[in-house]
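Please open the model in your viewer and keep the selection panel at hand. This tour goes from one selection to the next and says what is there.

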Amino acid sequence: MSSQDQTHPSSLSAYWMPFTANRNFKSAPRMLVSAEGMHYRDDAGNAILDGTAGLWCVPLGHAHPKIVSAVQKSVATLDYAPSFQLGHPSAFELAERLKAYTGNRFANVFYTGSGSEAVDTALKIALAYHRAKGNATRTRLIGRERGYHGVGFGGMSVGGIGGNRKTFSTALLPGVDHLPHTHNLEKNAFTKGEPEYGAHLADELERLVTLHDASNIAAVIVEPVAGSTGVLIPPKGYLKRLREICTKHGILLIFDEVITGFGRLGTPFASDYFDVEPDIFTTAKGLTNGVVPMGAVFVKKEIHDAFMNGPDGIELFHGYTYSGHPLACAAGLASLEVFQTEGVLENAQAVSDYFQEAAHSLRGLPHVIDVRTIGLIAGIELSSIQGRVGARAYDAFVRAFNDGILIRVTGDIIALSPPLIINKQQIDELFGKLAAILKTLA
């Protein structure tokens, strides 16, 4: 077998896979070898309808010709450029385009290589901003239970998923507290859009302010819609209340939009959908359509200017080797062009009701205890097998792949977030196959 044969690797042993039961996978591997539009193709030649946009990161579909062409041209022109004390034109052009894409509400963009890096960058900017403003005691960070903010030590510290934290608990950042999560099956099961119950949970921030004093709190970070923990949608008024409390006490509000950014809710960003504006927000994933890893942190003008009004020299001692990578910038510019010229958000808006109705049609099937939807996101929560949490949803995942659809599972929650180019026929296929699978689960 040729060493160039990527369809059938000679061995699976060397690659230590992330967030994967490696021994289980390698005993019965599921190999993807190509992708185009709404579909992957496996090593047996089977088409797999992508119900998850990869890992939430391919909103424009796979192998979009404009993005492919842009990256090919970039790698042949400028394959890499250092970003410390040097620049290249596309990094500045992309930042201006991204600024405009926010409606010029956010003035500056700091590039990273991933969502995890974007979160850690946002936290560092928040801490350094308060220091630059003469408020150096503002060092405490507030996250939320069941929040996911990547796998850096900062992101894990403000995150609230126990499985991600337990092994590293002694090495997490000090001075971090957490708001309660908003998930309530008893009050909000089978909700379309924002649930009615739970806005009062934002007032827990007032309790934390009383406990720690506002003069010691730098920032609150939340996902507008929590994705990786299993699609938790904010109650009506919840995010607005967080904004009000943060403003009242001079606390920065950070939105983690790594999942919700770039159209997932049918708007450019979740802040547009909910009409709540943070001080800082993080992005990645859809920024480049998943083609080249990249993240970006957007900040308000007054935050950026607090650094620029200080002494001459390096204003923020932070950055990455791959900040503003030329290939990532090329992919980002091409992705923005596709968003703005091909009616992607319009399609997402047009099919979102149909998608959500299809998701809620699963109500009443065996083991389904909740369906929650917003935009082109659906969470289907299954009852757990006693003593084997996650086993039922994982069984559904394997069966789904074998039946030609890709779903994502976390615990016993199935999450669906297809590319925004999905059509009604593909929605029917996705939920039709999933319904048949749910009827057969033990």
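Begin by selecting residues 20–62 together with 341–437, which the domain assignment gives as domain 1, and then, in another colour, residues 66–340, which it gives as domain 2. Bear in mind as you look that this is a predicted model. Taken over C-alpha atoms, the centres of domain 1 and domain 2 are separated by 25 Å.

Next, select the residues at the boundary, where 40 residues of domain 1 are in contact with 39 residues of domain 2. The area buried between domain 1 and domain 2 is about 3,100 Å², and carbon and sulfur atoms give 61% of it. Now pick out W56, T341 and I374, which supply 22% of the area that domain 1 buries against domain 2, more than any other three residues.

Then turn to the charged and polar pairs: between domain 1 and domain 2 there are two salt bridges, as well as 22 residue pairs in polar contact. To see a salt bridge, show the side chains of K66 and E342, whose closest N and O atoms are 3.3 Å apart.

Definitions and conventions: Residues numbered from 1 in each chain as written. Predicted model: local features only at pLDDT ≥ 70, side-chain atom pairs only at ≥ 80, totals over all residues. Heavy atoms only, no water. Domains from an automatic or database assignment. Contact = heavy atoms within 4.5 Å. Buried area = accessible area lost by both parts, 1.4 Å probe. Salt bridge = Lys/Arg side-chain N within 4 Å of Asp/Glu carboxyl O. Polar contact = N/O pair within 3.5 Å; in protein donor to acceptor, adjacent residues only side chain to side chain.
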